Number of protein chains: 2
Amino acid sequence: MTAVEQRGKLTLAAIAQEAGVSAPTVSKVINGRDDVAAETRSKVMAVLARTGYKSPVQQRRNLAGRQAVEVVFDSLDSAYSIEVLNGILDAAGAADIEVLLNVTSKQGPSRLTPEQRARRIVDEGRCGMIVVTSAFSELQLDAFNRRGVPTVVIDPLNPPAGNVVSIGATNWAGGKDATSHLLDLGHRRIAYLGGPDGAECNQARLHGYLAALRARNVPVDDRYIVQGSFRSEAGVRGMKQLLQLEEPPTAVFAANDTVALGALAEARRQNVRVPEDLSLVGFDGTYQAEESVPALTSVAQPLQEMGRAALRFILRQMRGETLDSRRVELATNLVIRESTAPPLALVPLA
Amino acid sequence: MTAVEQRGKLTLAAIAQEAGVSAPTVSKVINGRDDVAAETRSKVMAVLARTGYKSPVQQRRNLAGRQAVEVVFDSLDSAYSIEVLNGILDAAGAADIEVLLNVTSKQGPSRLTPEQRARRIVDEGRCGMIVVTSAFSELQLDAFNRRGVPTVVIDPLNPPAGNVVSIGATNWAGGKDATSHLLDLGHRRIAYLGGPDGAECNQARLHGYLAALRARNVPVDDRYIVQGSFRSEAGVRGMKQLLQLEEPPTAVFAANDTVALGALAEARRQNVRVPEDLSLVGFDGTYQAEESVPALTSVAQPLQEMGRAALRFILRQMRGETLDSRRVELATNLVIRESTAPPLALVPLA
DNA sequence: CTGAAAGCGCTTACAG
DNA sequence: CTGAAAGCGCTTACAG
């Protein structure tokens with residue numbers, strides 16, 4: 001038994017002595033400052049963990065009662081975000097953890113800077129944070145981890161650096177599956193109706209599409225690749241553009257369901273029948289795909305499962321477990337519905 | 001303005017200076033020690049109150065119990081609930097209040113009874129509660145109010161008794177507007193494709209429909225009134241039933257947009273064109289109505305506004321204001337889109 | 001990256 | 001009862 005453990009007084013100075021460093025150094029570790037050598041940090045962390053020392057902030061956290069996780073979305077206006085939220089709520093309910101919901105687009109006059117928000121989340125003693133937004137920089141996200149608030153990012157636009165845990169889906173494989181399905185049906189003129197150029201997940205889907213074409217030696221035609229956004233209007237505009245081509249595509253793989261539905265609406269307006277004249281595949285597999293007429297063939301993301309996994313990662317980190325991996329991709333699943341069929345040329349006349 | 005109020009730093013020493021005593025004396029007052037003269041104590045207390053100084057313990061308590069409103073939904077799987085939630089988040093963001101989101105269908109193994117939930121909400125010091133669920137009885141809801149947690153119910157299945165504040169929309173007037181619109185177009189065989197029999201709001205819409213028919217001396221035909229649920233399947237089934245009638249209706253007023261979209265899907269399957277062969281009106285006016293093809297004529301509820309109003313009611317009660325009314329109905333608004341047209345018989349042949 | 005030194009805000013022990 | 005002085009625990013600024 002060590003000196004510290006014998007005496008009742010568990011002070012920062014005692015921790016310092018125990019770890020063989022100075023008090024200021026322990027202070028820096030506790031407050032998540034980054035001017036501490038990794039080795040020193042882990043030495044101090046070990047003593048902190050062993051002695052169960054609680055900083056004032058951590059004591060505050062204990063007083064706060066029930067554990068709560070901060071969940072931050074950019075907005076809650078898509079089937080996508082709702083499903084992720086439902087997954088988080090599900091796992092939180094099971095673990096008896098409160099969910100504090102924040103939507104950055106719904107900020108009042110006192111709009112918080114990311115720094116202010118970070119300070120508040122730490123000060124208020126959240127047991128973890130789930131982020132479905134690009135409102136935080138990688139550095140800020142890592143700062144949460146260092147301050148003892150385990151943080152998980154869901155489907156980041158770009159994979160976060162450092163120690164930040166992120167959860168996504170197998171976008172590349174999903175894109176390949178969708179395109180292979182269209183190729184299997186006999187399509188050769190297949191368009192990619194894409195989302196935002198800068199989004200990692202969109203790029204992965206596009207490259208899955210390209211990979212499927214190349215695997216079958218189908219030449220890539222740049223006119224069939226139209227980038228846009230993840231919103232419905234992008235589908236409308238993209239579809240207009242594609243239908244003006246001399247040789248329009250016989251199939252379209254859209255970057256998500258919302259874009260696909262925009263494309264479907266435009267096709268209908270131009271009397272292009274789906275799936276007879278045009279096959280259409282979406283991505284996400286939300287209820288939008290199910291309820292559309294015709295029901296949309298779509299690459300389903302396990303959105304609820306992603307939300308659940310995010311919360312479970314936080315629980316594990318709270319228990320002090322180390323994670324196997326900083327990045328997890330859950331499998332997508334192509335769900336074939338009514339919006340895809342062989343191209344008309346291949347269907348024998350009745 | 002005093003010295004203390006001018007400087008930003010609100011420290012114990014500043015309070016002491018302001019009160020004309022020493023720092024230790026202020027410390028004693030704050031910590032409830034009894035070796036302080038009554039007069040000195042009250043002098044210090046006055047300054048504390050005026051400046052709003054908080055001791056570390058008080059700050060801790062404040063941080064732990066930062067004002068948060070408990071929001072309880074049955075589930076988050078409809079456009080309806082999402083819009084209400086967004087309204088709540090909007091007003092909460094503006095008022096700098098946290099939102100604790102609970103979904104009763106997402107309870108873990110330790111499913112709470114309403115009593116347990118109530119105790120917890122009170123014990124944890126929520127500043128208010130917004131309920132979009134029928135998980136609580138009227139008595140339980142009233143108990144929250146009595147225990148000092150102002151409670152507001154949004155669109156209750158049945159209007160709550162006692163002191164419970166509830167917010168709804170003008171369902172009766174909306175039902176009347178929808179039906180009058182169809183009558184104005186020339187329809188006489190108008191069906192009501194309803195939601196759950198027991199729901200107050202559904203009954204109000206139905207009675208609005210009946211009132212509109214009676215006002216124009218159009219006889220009510222019971223075969224045109226089909227009750228169901230608020231889900232898509234109810235629209236599919238109800239539409240099947242109506243299309244089997246010897247004289248099917250030329251127009252359908254559906255209890256909500258989801259039911260209307262189910263009806264639309266079934267109509268399309270049976271090659272009944274909307275609006276040429278059948279006019280269709282929904283209720284709620286969510287994005288579902290906008291994005292459908294054809295876009296759905298619908299009675300828009302101010303769902304976001306209802307969420308906002310609920311939160312503002314709580315703020316008012318927190319400030320001790322008395323409310324004018326225990327029940328508020330916000331106005332609906334008929335939005336005419338593409339799914340309604342005169343009945344075919346009235347359209348002159350081209 | 002580290003820690004001696006200074007500083008901050010509060011509390012305690014005690015002289016008057 | 002009061003408050004000058006000492007002390008406690010932590011943080012900050014900065015020299016090395």
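**Terms and values**

Modeller: Let us begin with Tyr192(A), which lies in strand 6 (residues 190–193) of chain A. Helices (H or I, at least four residues) and strands (E, at least two) are DSSP runs, numbered from the N terminus. This is a predicted model, in which local features need pLDDT of at least 70 and side-chain atom pairs count only at pLDDT 80 or more, while totals for chains, interfaces and linings use all residues. Residues are numbered from 1 along each chain as its sequence is written, and chains are lettered from A and ligands numbered from 1 in the order in which they are written.

Colleague: Why is Tyr192(A) called buried?

Modeller: A residue is buried if 20 or more other C-beta atoms lie within 10 Å of its own, exposed if 12 or fewer, and partly exposed in between, with C-beta atoms placed from the backbone. Tyr192(A) has 27 other C-beta atoms within 10 Å, so Tyr192(A) is buried. Across chain A, buried residues make up 49% of the 350 residues.

Colleague: Which residues does Tyr192(A) touch?

Modeller: Leaving out residues up to four places away in sequence, Tyr192(A) touches Leu206(A), Tyr209(A), Tyr224(A), Ile225(A) and Phe253(A). Contact means that the C-beta atoms of two residues, placed from the backbone, lie within 7 Å. The C-alpha atoms of Tyr192(A) and Ala254(A) are separated by 6.0 Å, although these residues are 62 residues apart along the chain.

Colleague: What makes helix 11 and helix 12 of chain A oblique to each other?

Modeller: Two packed helices are described by the angle between their axes and the distance between the axes. Axes are lines fitted to C-alpha atoms, for helices over the stretch in contact, and angles run from 0 to 180 degrees between N-to-C directions. Angles under 35 degrees count as roughly parallel, over 145 as roughly antiparallel, 65 to 115 as roughly perpendicular and the rest as oblique. The axes of helix 11 (residues 232–243) and helix 12 (residues 257–269) of chain A come within 6 Å and cross at roughly 45 degrees. Helix 11 of chain A and helix 12 of chain A are therefore oblique to each other.

Colleague: What about helix 9 and helix 10 of chain A: at which angle do they pack?

Modeller: Helix 9 (residues 171–184) and helix 10 (residues 200–215) of chain A pack at about 40 degrees, with axes 7 Å apart. That angle makes helix 9 of chain A oblique to helix 10 of chain A. The residues of this contact divide into 10 nonpolar, 7 polar and 2 charged. Here Ala, Val, Leu, Ile, Met, Phe, Trp, Tyr, Cys and Pro count as nonpolar, Asp, Glu, Lys and Arg as charged, and the others, Gly among them, as polar.
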